[in-house]
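Take a look at the model, then read on.

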Amino acid sequence: MAHKTVLLCEDEMFVALDIQMTLEDEGYEVSGPFPSAGAALACLDDVKPDFAILDVRLVDGDVFPVADRLAKAGIPFIFHSGHADPGKLLQLYPSSLVCQKPCHPAALVDKLMKLHSEQMA
Amino acid sequence: MTEAMNKEQPPIPVVGIGSSAGGLEALREMFSVAEVPTGLAFVVVQHLDPHHQSMLAELLDRHTQLSVRQCEGGESIEPDTVFIIPPGKGLGIENGRLALSEFAEPRGLRRPIDDFFISLANDQNANAACVILSGTGADGSTGLRAVKERGGLCIVQEPSTAKYDGMPLSATGTGLVDFVRPPEQILGCISSFFTRRTQGADRREASTVADRVDDLCAALRSVVGHDFAGYKRTTFVRRVERRMHVLGIDRGSDYLARVQNDHAECEALFRDLLINVTRFFRDRSAFDVLDAEAVEPMLRERSETEDGIRVWVPGCSSGEEAYTIAMLFAQKARQLGLPCNVQIFATDIDESMLKIARDGSYPIAALADIPHDMQEHFVVPHKERFNFTGQIRDMIRFSGHSLIKDPPFSKIDLVSCRNLLIYFDDSLQKTVMPLLHYAIRPGGYLFLGSSESVGRFDNVFSVINQKARLFERLPGSPTYPIPLPGDRGERGRPGLRAERAQSFDGVEHIARARLIERYVPASVVLDGDSQIVAAYGRLGRFFEFPVSGVDVSSATTLARPGVREQIGPLVRQARAARKRVMARNVEVVTDFGTLQTDIVCDPLDGGTFLVVFQESMQFTPRDAGDLIDLEPNNAHVEELERELRLAKHRLRSATEELETANEELKSSNEEMMSMNEELQSTNEELTTVNDELKTKVDEVTVANTDLRNFFESTNLAVIVLDNQRRLRSYTKAATEIFPLQPTDRGRPLSDVASRLLRFDLSARVENVMDNGMEYQDTVMDREKNRTFSLRILPYRTIDGSINGASIVLTDISHAISVESQLAAEQDRHDLAIEASGIGVWEYLPETKSFVLGGAAMSLLHITDERPGLDAFLARLSAGDRQKMQSALEQAAQEGDTFELTTRIDGDGQSSWIKMFGRYVADSQPPRIIGVSVNVTAENQLAETRELMLNEMNHRVKNLFAMIGGILRIAARKHETARSLVEDVEGRVLALGNAHTLASSQHRTKPVEMHELVETMVAPHARLAKIAISDVSLPVASTCITPLTLILHEWATNAVKHGVLGKEAGRLSVSWTENDDGINLVWNEIGDSDVKAPGDAGFGTVLLSTSARQLGASIRTEVKGPVLSHIMTMPPTVRHGA
């Protein structure tokens, strides 16, 4: 089985590193982490990830352009945010999942695996 | 039947008492002497105001042992109880139970006492008594008759003791009253009457009365002129006995003495004897026969003749019989379609009965006796009584006439004489019968009562219907001597009786009587005036019987022509000569021929003359030849006779005119009577009004006293002027402004000095009185110490006209000073509002409008000073409009206060306004007042603070997330917790310090790079010389954390291995900035050569990750003793870049 690719947008590098390491421990391949939406969008031109974990606020603004693009492409993603209103996010992206920051990377991985299994089903 | 019952169980006598004005006093006196048990029941009928509660029962109850109750209707009569009529109701009694009724008549025409007495008489008969007390008018007098008729007792208050003697006088005027007593003696009277009756003492006395009948009759005849000798003894005795009970006389002889000596008692007995009972259509079947056998034939035969039908009802009493007959004729005439040309003469000797008959008003109960079809046509019913139509009334003439004493009517078609003869004894009946025979024209009818008969006069009256007692008068002249008036005279009767008594002595007397009756020539005894005193033999040839109703007994008037001319001269000559005088061959003209006779006049003793007619020639019948023979001789006589006829004719027409006039007088009289009634009720009402006025006067006196006290005590200075502007009255307070003395009353106002400053009071007053408009001003006194409010008002009388003026002065000095204080307060208040920039507003829920004040208009950006609710709300931000509106509504409904902060968008910038509102409870119209304060500054501050808080929160969360990340990353490199903690704790502390630096409360500027560096190296500064560049480089907040970690890593390494630790040396940190970025150089210059640090381990991960975070690159160079870390950062590290 080929490794699944996760697009990671996170401007806090320690958090990004932590998540990246955890995901890689679980056998995922990480694309990123991207501290900006611009970098993430540029990456999406080349790579088609299977999932995405998105911090809402990035150094160049909100992550929503990325989320829009992902939603359009039918790629499931998880918001990982410290300040945004989860209700509002779910309203905008009904198929997304939300994890309040700070959260244990393991929780993120759980959710990812849930998405994974849904995709499998 | 009633009497029989009475004997078995003596019922309680019921005493009806009628009273009106002044009645309370009389009732009190009457009942206060009552001693229980009286064995009597009482019912008081007092004239009461229908609109007021009556206190009568309570008032009476205090003064008597008897139980007093106001009647509620339906009560049974109880002994020793006084029932009082309630206001506004009529009272009656049925089977011993009291019954209330509504009045039919308008106020003033009501006769509650009469009504009750009549009801009492019908219900209780002889067991009833009636009492009439003080009062005006005549109520009770009619009812009294009913009571008396049924054998009850009638008592009247002594008029002189009555406060108002109208009713007592009227009652006594009927002559039917048994007792006239002061109130306190009335009860005793009633008690003794009923006691005597029940004891039956009367039965023992009956015989003694019977013995005195003749004497009583004589006494009556001498006083009232009416002879009761021919009346039935039993009836007579019973009624006399009743009088004796009334008077408390036990012995017949005593009563006789009383009657002989007491004119009034005679009258009383007379009335009592005449009382009889009659009703409409008494013996219905008899009237049916009359209707069929007499009325119809008469109408068919005679209604269209000139004379019409003449009916005579002698002894008509209260008129029922006459009305009955009138109705029969009218009904039959209507059925036959014939004119009802009927005249009914109804006569009686009792004028009081005739009055009732003329009134023709009968209790409604009697209506049942009249057939329905007749009721429809002839009866005018009212609530309690009924009348007859004009048609019926006009048919009947009621007049006073004695069947026995007065000459009879003549040419009568029908005589209805029912139940009159039963009161007469045989001999009287025998004298009456020929009278009736005379009165009725041949072929006319006689209608008698069911127990009466024509007796032996059946040869002149033939029976038509025996059961109905209807007879026909047979043709033929009246052949029976009419009993002449003298025969009934005072002198004649006893004499005759004496003769009759003696005639029993022997045959001689019989013979003498027979001689006189049959064989003696016709003779008369005349007195000096040619009045006939006695008569003997067959006088019919020489005298005419009376034709008219004129009371004559003059021989010259009655004598036939021939005799008439002789009697005067004969008597005169005989008197002069005192010897017998004789006129020979006198020719007497009779109806059927002539007769010659000698007339002898023989003077007797005592100025009387015996006139004897001796027929000298046979009777010569009149024939045609005779007329011729007689003509020359009798021309003169005929002339006289013609004149006589003319005179008679004139007399008759005069009589008719008089009768007409009489009728008119009667109707006028009736009108007068009813006017009198009205006047009396008016009088009663006036008495009431007078009482009311007395009360009013009392009230006015009190009001006047109140007013005087008010004038004395009030602080208002009031002066009242009359229409001449003279002083009428003033209050005591007025004397402080005007030096008034009591003697000043009546002086013109202009004469009175005043302490007012320059004010022409007089002119103002005149002005006010002229135009009727109130005048108001504020004036000061001369010293200018006090200020008065002055009002001049027109003085209006009740009808609205101006009759003077009132001046009212009120000291308002205090009020004025308070007013000015208030104004000052207001000024200060306004100033405060202005200074504070507070908006003031007022909301009127009724009109839904605002009044804005202070800075409200500018705060709300409204240009209208009085905006409507909608305009006001439009200024508020959309979300707050509904809140504001409901807050206002709630405040108005529940009297609440509210507080609301809202945003106002105006002039391109928004502001925040806080509103406080409060409902003003005692305001009219209701309003909500409020203030508005600009709270924009406070709100902005709060917004900023919230923004910062959010930012801080985010930062802290990031920090935690990062520390979590660091920990987990570090944990991958450590085996034990201790080593992990040692590795991480310094870094966490460093991050803490950096955070402290960045988030200091006093910080207004961003963190400078040198501050950050100093904070990181400061704990180690004591070990080495440290030089830090002071070039200003404000650091972006997002970069502080990675910079801190990098600097801390370097400093830690320097402590462990370099110049900050064991190695001597110095540290310099500097940075340069150009367009491409920022270059920071960390130089450790030691004393000896240094080794390049290893790059394995957690520290390296930290450094690389932090650099990545910054977007920076780090290189480390070692040159001998110098260790340099060079970090190239993008320009974004600078704050605000």
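Asp722(B) has a relative accessibility of 12%, so it counts as buried (under 20% relative accessible area; exposed is over 50%, partly exposed in between, with a 1.4 Å probe and protein chains only). Asp722(B) forms a salt bridge with Arg726(B), with the closest N and O atoms 3.4 Å apart. A salt bridge here is a side-chain nitrogen of Lys or Arg within 4 Å of a carboxyl oxygen of Asp or Glu. Arg726(B) is partly exposed at 33%.

This is a predicted model: local features need pLDDT of at least 70 and side-chain atom pairs pLDDT 80 or more, while totals for chains, interfaces and linings use all residues. Side-chain values use heavy atoms, without hydrogens and water, residues count from 1 along each chain as written, and chains are lettered from A and ligands numbered from 1 in written order.

**Other salt bridges**
- Over all chains, the structure holds 27 salt bridges.
- Glu265(B) pairs with Arg243(B) at 2.8 Å between the closest N and O atoms.
- Glu265(B) is buried at 3% relative accessible area, and Arg243(B) is buried at 2%.
- Glu102(B) and Lys89(B) meet at 2.5 Å, N to O.

**Strand β17(B)**
- Seven of the nine residues of β17(B) (440-448) are buried, so the strand is largely enclosed by the rest of the structure; strands are DSSP runs (E, at least two residues), numbered from the N terminus.
- β16(B) runs parallel to β17(B), joined by five bridges; strands pair if DSSP finds at least two bridges between them.
- β19(B) pairs with β17(B) in the antiparallel sense over three bridges.

How values were computed: Helices (H or I, at least four residues) and strands (E, at least two) are DSSP runs, numbered from the N terminus.
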